[in-house]
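Look at the model below. Then work through the exercises with pencil in hand.

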Amino acid sequence: MTHTPEASARTSRSHDGRQLRRVVGASLVGTTIEWYDFFIYASAASLVFGKQFFPSLDGTAALLASFATLGVSFVARPIGGIVAGHLGDRVGRKAVLVATLLLMGISTIGVGLLPAYDSIGVAAPILLVVLRLLQGLSAGGEWGGAALMSVEHAPPGRRGYFGSFPQIGVPIGLLLANLVFFSVSAATTADQFARWGWRIPFLLSVVLIAVGFFVRARVSESPVFSELRARRARRSAPLAELLRTNRRELLIAIGLFIANNMVGYILIAFINSYGTRTLKLSSTTMLSIGMVGAVAWGVFTMLAGHWSDRWGRRRTYLVGTLAMGAWTFPFFLLFDTRSVPLMLAAVIVLGFGLGLTYGPQAAAYSELFPAGIRYSGVSFAYAFGAILGGGFAPLVSTWLVGETGTSLAVSGYMLLACLVTLAAVLALRERPAAEREAFVTGAE
């Protein structure tokens with residue numbers, strides 16, 4: 001049986017298409033699971049951890065302590081990003097992705113099994129912080145690998161679109177986390193939920209981790225890394241080279257993420273506690289509003305990835321950053337009405353700005369750093385952007401409301417972050433299409 005060149009080309013394209021779909025699916029599933037695990041912690045921190053692990057403190061102090069454990073993981077993120085970045089640039093993207101997924105799963109299940117303060121005393125909050133640090137190590141290295149696998153497998157001219165798939169794992173993970181918490185909360189009494197119901201979302205992670213591991217284990221290594229390995233072009237010290245040669249790009253990448261991450265964590269964690277404690281709304285109402293915000297965020301993230309291929313990363317970022325900045329004060333003015341339709345409008349419009357500053361991120365980051373130090377660059381920037389942005393945003397926001405008595409103080413905090421990101425967007429330079437393609441594939 002003979003094979004014509006045309007038939008061989010069709011077979012190759014079919015294989016490449018299947019592999020691309022497999023990679024995109026693995027990135028999406030993996031980041032969804034990772035961020036489901038991360039977000040159920042954020043939800044539990046805003047709803048139950050204060051009473052479970054800090055019962056000796058009064059209501060506000062316990063909530064602040066709970067949010068402090070949420071922020072602790074962001075301290076571990078740079079370490080996870082540095083370690084994963086080094087291994088990803090030296091060993092490969094795929095192996096690191098599988099390892100980070102398993103680490104996140106083990107630490108999440110550990111939280112679900114952790115006895116409360118009433119059972120083991122001060123050991124409970126200490127172990128909670130340890131497990132949260134492990135989550136931070138995983139999150140610090142996971143995103144960079146998922147983003148690079150999607151972008152480096154993507155065809156020319158569509159890297160923004162395919163790079164948006166690991167991005168939508170974040171709002172999907174948020175949606176899934178809120179949905180599970182909503183279901184458990186609705187199926188249990190307030191006392192049952194506080195005693196054991198909150199553990200169910202954490203323990204369900206074992207099923208998701210098994211699925212994610214199976215999917216990720218079947219994908220092929222990034223073609224860009226495979227080419228680097230074939231040419232023996234891997235760096236022996238990628239982080240040192242990154243800090244020596246790409247400091248400007250690193251600062252821009254960090255700045256691009258600050259506003260998105262801060263505003264995202266206000267949507268993820270702060271509005272739950274603000275809505276239930278200050279506005280006196282039910283937790284199911286707040287979880288429902290959070291789910292609508294997650295859907296809007298996800299839809300606009302996908303659209304923004306596509307738009308960034310057509311209009312450019314910088315222009316898409318610019319529109320999203322200006323939209324978020326302009327919405328900071330109307331957001332809380334609508335929220336404080338306690339009118340559910342107006343609160344839904346507030347999170348939907350916020351999701352527009354979040355999506356436009358998140359959809360292009362994987363492609364934009366990949367186009368900032370050379371292939372040999374790219375995993376280190378994107379992981380380092382993502383981790384430090386998260387620390388400066390969302391790491392302690394719920395804690396700071398709770399403190400601001402307590403000190404000023406108004407949510408508009410949080411609006412000012414959000415606006416400040418948007419101005420920082422705006423400066424980074426204006427400093428971002430886009431390469432011409434041909435030069436960008438050569439740079440991303442490692443032929444620079």
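Predicted model: local features only at pLDDT ≥ 70, side-chain atom pairs only at ≥ 80, totals over all residues.

Residues are numbered from 1 along each chain as its sequence is written, and side-chain values use heavy atoms, with hydrogens and water left out.

**Exercise 1.** Check the span of helix H6, residues 123-153.

Solution. Helices are DSSP runs (H or I, at least four residues), numbered from the N terminus. The expected span is 1.5 Å times one less than the number of residues. For the 31 residues of H6 this gives 45 Å. The end C-alpha atoms are 45 Å apart, which agrees.

**Exercise 2.** Decide how enclosed H6 is.

Solution. Buried means under 20% relative accessible area (1.4 Å probe, protein chains only). In H6, 23 of the 31 residues are buried, so the helix is largely enclosed by the rest of the structure.

**Exercise 3.** Describe how H7 (residues 159-187) and H14 (residues 283-311) run relative to each other.

Solution. Axes are lines fitted to C-alpha atoms over the stretch in contact, and angles run from 0 to 180 degrees between N-to-C directions. The two axes come within 8 Å and cross at roughly 170°. Angles over 145 degrees count as roughly antiparallel. H7 and H14 are therefore roughly antiparallel.

**Exercise 4.** Place Tyr-265 in the fold.

Solution. Tyr-265 sits in helix H13, residues 247-278. Its relative accessible area is 3%, so Tyr-265 is buried. Gly-391 is 126 residues away in sequence, but 8.0 Å away in space, C-alpha to C-alpha.

Technical notes
Helix = DSSP H or I, 4+ residues; strand = E, 2+ residues; numbered from the N terminus. Buried < 20%, exposed > 50% of the residue type's maximum accessible area, 1.4 Å probe, protein only. Parallel < 35°, antiparallel > 145°, perpendicular 65-115°, else oblique.
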